[in-house]
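Reader: I am new to this structure. Please take one part, the packing of helices, and go through it closely.

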Amino acid sequence: MPPLVAVLPGDGIGPEVVRETLKVLRAAGAALEFEEALIGGAAYDATGHPLPPETLALCKRADAVLLGAVGGPKWDKVEPPSMRPEVGALLPLRAELGLFANIRPAKTLPQLADASPLKGEDALMDLIVVRELTGGIYFGKPRERRDGGETALDTCVYSRHEVERITDAAIEVARTRGKRIVSVDKANVLETSRLWRETVDRKAAENPDIEFSHMLVDNCAMQLVRNPRQFDVILTENMFGDILSDEASMITGSLGLLPSASLGASRYGKRFGLYEPIHGSAPDIAGQDKANPIATILSAAMMLRFTIGDSAAADRIESAVGKALDSGARTADIARGEPAIGCAAMGDAIVSRL
Ligand code: IPM
Ligand code: MG
């Protein structure tokens, strides 16, 4: 039986970019079976819950999950807040599926270097953020209001085990490329960061083929705009990784281009993963055929490589994206003066190069 992919289009531009991605996956000749389910605001409207039990059950049965995007202004005020798409669907999905390793490559495509806010050579960065995804302040308890609502509390918790396994994931990634890891923390202030640093140091001693260094998060934010080419792999905790990966993506020129993988432990010898673009649901352009499907299409390529084990199909897709861009195909977000094409036309441009 071909591997089963749970397809979760979600909200906003999610359904459009996922539609183009399925077109590309079929054209690339990847042997996959697809099953679709509701998530996010769309699921909340239809079933009263942003992560219905059927959706979670499908994801647990599947070999991989392909996700569009969730959320939008329509659901920003849903009560209780735990029923909002981001908190009620994305976070529990990550936790339930054990997706502790979030891999976010930020690579400038040479065809689009002029879209970067940095000029010349500086714009040509190629780094990967390895972000811990199921711990830290996103999940720590208690999270509550006290003092009649006048005081709010979030808790940051990390265990040594959580830091060890994400460091292992970063080492695995680093071995496939420059073998340099910068571990980012706030060890001058936070106890969780001191545990983080101590744990990373132990791993560094056990893995002498990898060059490790530490950087404080505020300095890292600054170094990313000063000289992003100094980085190979950035290893960091949940919230720092959230912030730094947005910053890094902007330097590549477009949020619309960047894929991501959220990986768990291996299951039946294969690495289970959820694959999604790093951009959100972009409600302002939803349903208008204006979205850029490339981030989702490249996420599908990561899925083929990491979970399905079909790197040949992944290579074909990545090269077709490159050729479509070479030929001048541009959606509105990356057009600089050139006429823009729509989401479906970008999908077609990529399919025609497969
Ligand atoms: C991301 C998003 C999410 C996060 C939000 C929507 C909960 O910003 O995937 O980066 O903070 O993890
Ligand atoms: Mg984010």
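Author: Start with helix α10 (residues 311–326) and helix α11 (residues 343–351). Their axes come within 8 Å and cross at roughly 115 degrees. That makes α10 roughly perpendicular to α11 (65 to 115 degrees; under 35 is roughly parallel, over 145 roughly antiparallel and the rest oblique). Axes are lines fitted to C-alpha atoms over the stretch in contact, with angles from 0 to 180 degrees between N-to-C directions. Helices are DSSP runs of H or I, at least four residues, numbered from the N terminus.

The model is predicted: local features need pLDDT of at least 70, side-chain atom pairs pLDDT 80 or more, while totals for chains, interfaces and linings use all residues. Residues are numbered from 1 along each chain as written, chains are lettered from A and ligands numbered from 1 in written order, and side-chain values use heavy atoms, without hydrogens and water.

The crossing of α10 past α11 is right-handed (near helix turned clockwise from the far one by less than a right angle; anticlockwise is left-handed). On the α10 side, Ala320, Val321, Ala324 and Leu325 meet Met346, Ala349 and Ile350 of α11. Contact means heavy atoms within 4.5 Å.

Now take helix α1 (residues 14–27) and helix α9 (residues 294–308). Their axes come within 8 Å and cross at roughly 45 degrees. The two are therefore oblique to each other. α1 also passes α9 in a right-handed crossing. From α1, Val17, Val18, Thr21, Val24 and Leu25 make the contact; from α9, Thr296, Ile297, Ala300, Met303 and Leu304 do.
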